[in-house]
Amino acid sequence: KHREYENTGIEEGDMIVEINNKAITCTADLIKNVNKCEGKAVTVKYIREGEEKTQVYYRLKLQRMNTN
């Protein structure tokens, strides 16, 4: 099954901490802030294995995944 973050460089276990300089504290914040960008550039700051990384993505749109 396709996951929305595939092909973005973000890996399972990465912790997304900011979207366009706005703090992310939960999944709802992540979805809301990415979708506000309406296909424009999205700057994502995340932490992987203790190292902070920043990446710019284009045309991102996220939906809450069904975990049932």
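R48 counts as buried at 16% relative accessibility, where buried means under 20% relative accessible area, exposed means over 50%, and partly exposed lies in between (1.4 Å probe, protein chains only). The model is predicted, so local features need pLDDT of at least 70 and side-chain atom pairs count only at pLDDT 80 or more, whereas totals for chains, interfaces and linings use all residues. Residues are numbered from 1 along each chain as its sequence is written, and side-chain values use heavy atoms, with hydrogens and water left out. R48 forms a salt bridge with E11, and their closest N and O atoms are 3.7 Å apart. R48 belongs to strand β3 (residues 42-48) and E11 to the segment before β1 (15-19), so that the pair links distant parts of the chain, 37 residues apart. Strands, like helices, are DSSP runs numbered from the N terminus: a strand (E) has at least two residues, a helix (H or I) at least four. E11 is partly exposed, with 45% relative accessibility. A network of salt bridges links E11, D14 and R48.

The side chains of E18 and K45 meet in a salt bridge, with an N to O distance of 3.5 Å. Because E18 lies in strand β1 and K45 in strand β3, the pair ties together parts that are 27 residues apart in sequence. E18 is partly exposed, its relative accessible area being 21%. A salt bridge is counted when a side-chain nitrogen of Lys or Arg is within 4 Å of a carboxyl oxygen of Asp or Glu, and by this rule the count comes to five.

**Lys53 and Glu51, a further salt bridge.** K53 is joined to E51 by a salt bridge whose closest N and O atoms are 4.0 Å apart.

Strand β3 and strand β4 (residues 51-57) run antiparallel and are joined by seven bridges; two strands pair if DSSP finds at least two bridges between them. Q55 in β4 is the bridge partner of V44. Two residues lie between the strands of this hairpin, in which E49 takes a positive phi near 50 degrees.

Most residues other than glycine have a negative phi, and most peptide bonds are trans. N20 is a residue other than glycine with a positive phi, near 45 degrees, and is placed in the loop between β1 and β2 (22-23). N21 is not a glycine either, yet has a positive phi of about 65 degrees; the loop between β1 and β2 also holds N21. N20 counts as partly exposed at 29% relative accessibility, whereas N21 is exposed, with a relative accessible area of 70%.

The structure holds zero disulfides, a disulfide being a pair of cysteine sulfur atoms within 2.5 Å. C26 counts as partly exposed at 38% relative accessibility, whereas C37 is buried, with a relative accessible area of 11%.
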